[in-house]
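Q: I am new to this structure and would like a close look at a single part of it. Please take the time to connect the details.

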Amino acid sequence: MKTKTHPLLGFHSLLMMLFIYVPIAFIIAYSFNSSRLAADWSGFTLDWYVSLFKNRRVIEALSNSLIVAGVSTVVSTMLGTMAALSMRTLNRKMRAGMGGLLYLPIIIPDIIMGLSLLVLFTQFHIPMGKLTIILAHITFSMSYVYVVVSTRLAGMGKQLEEAANDLGASAWQTFRYVTFPQIMPGVVAGALIAFTLSLDDFMVSFFVSGPSSTTLPIYIYGQVKRGISPEINALCTILIVVSVTLILLAQYILNRGKGQKKQSVLPF
């Protein structure tokens, strides 16, 4: 039976979309404005993007962001995947308790996470810099990877792994030829999400960064305090495009992985 929806529900959804995306559209549009004044449209230009990549401080901030995002993504993907795999061996009560702990970095507000990590690093006399940012990003990115991979594992079942064991496969062969190929879409999607979160993070990075470890979000914040310029709009546009592309790619990989049929022939 087809259910009817209230006509105001669609209108409400449209208003929500406008509220979320119109400000983003303005940032993108004014990044191509030839005038420095945000309220004055003087014509289309790409000069701000050209001058952006000639700015030494922007390149330095971009380099820091890519290093932090790259290292934290690799480590958090490995840890999150191992956590998801190890949780399968626990009983229901222990899995629920440990799963709750792994969900905490997602639930805790960023300002609390940043402040707590700042206190921790200070207590252990760890100097603020790229290392502390990487450790902080691993802390929250690992949880997102765990959620994605564990969801993939939950929908996979254990039939193929049990069949591999019955056919004489070792634990490593079972993981290499059966488990890992099945969870690969989840691992890749989790890594893309972790990279995106690390690249865009401001609040946690703000607390644990040092004077020589400015990332792009921190650089943008420092420049906005002096006034919004077309260069900042251009930089924000690039971050928006990269973030949206990575998220869409992660969603595509997850959906493609769900549509794949399980292989019935084991390669050993």
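Which residues does T179 touch, not counting residues up to four places away in sequence?

A: This is a predicted model, in which local features need pLDDT of at least 70 and side-chain atom pairs count only at pLDDT 80 or more, while totals for chains, interfaces and linings use all residues. Residues are numbered from 1 along each chain as its sequence is written, and side-chain values use heavy atoms, with hydrogens and water left out.

Leaving aside residues up to four places away in sequence, T179 touches L85, R88, L153, M156, E161 and T174, where contact means heavy atoms within 4.5 Å. T179 counts as buried because its relative accessibility is 3%, buried being under 20% relative accessible area, exposed over 50% and partly exposed in between, with a 1.4 Å probe and protein chains only.

T179 is found in helix 8, residues 171-200; helices are DSSP runs of H or I with at least four residues, numbered from the N terminus. Helix 7, residues 159-166, packs with helix 8 at an angle of about 170°, their axes lying 10 Å apart; axes are lines fitted to C-alpha atoms over the stretch in contact, and angles run from 0 to 180 degrees between N-to-C directions. Helix 7 is therefore roughly antiparallel to helix 8, a term for angles over 145 degrees. On the side of helix 7 the contact is made by L160, E161, A164 and N165, and on the side of helix 8 by T174, V178, T179 and Q182.

Conventions
Helix = DSSP H or I, 4+ residues; strand = E, 2+ residues; numbered from the N terminus. Parallel < 35°, antiparallel > 145°, perpendicular 65-115°, else oblique.
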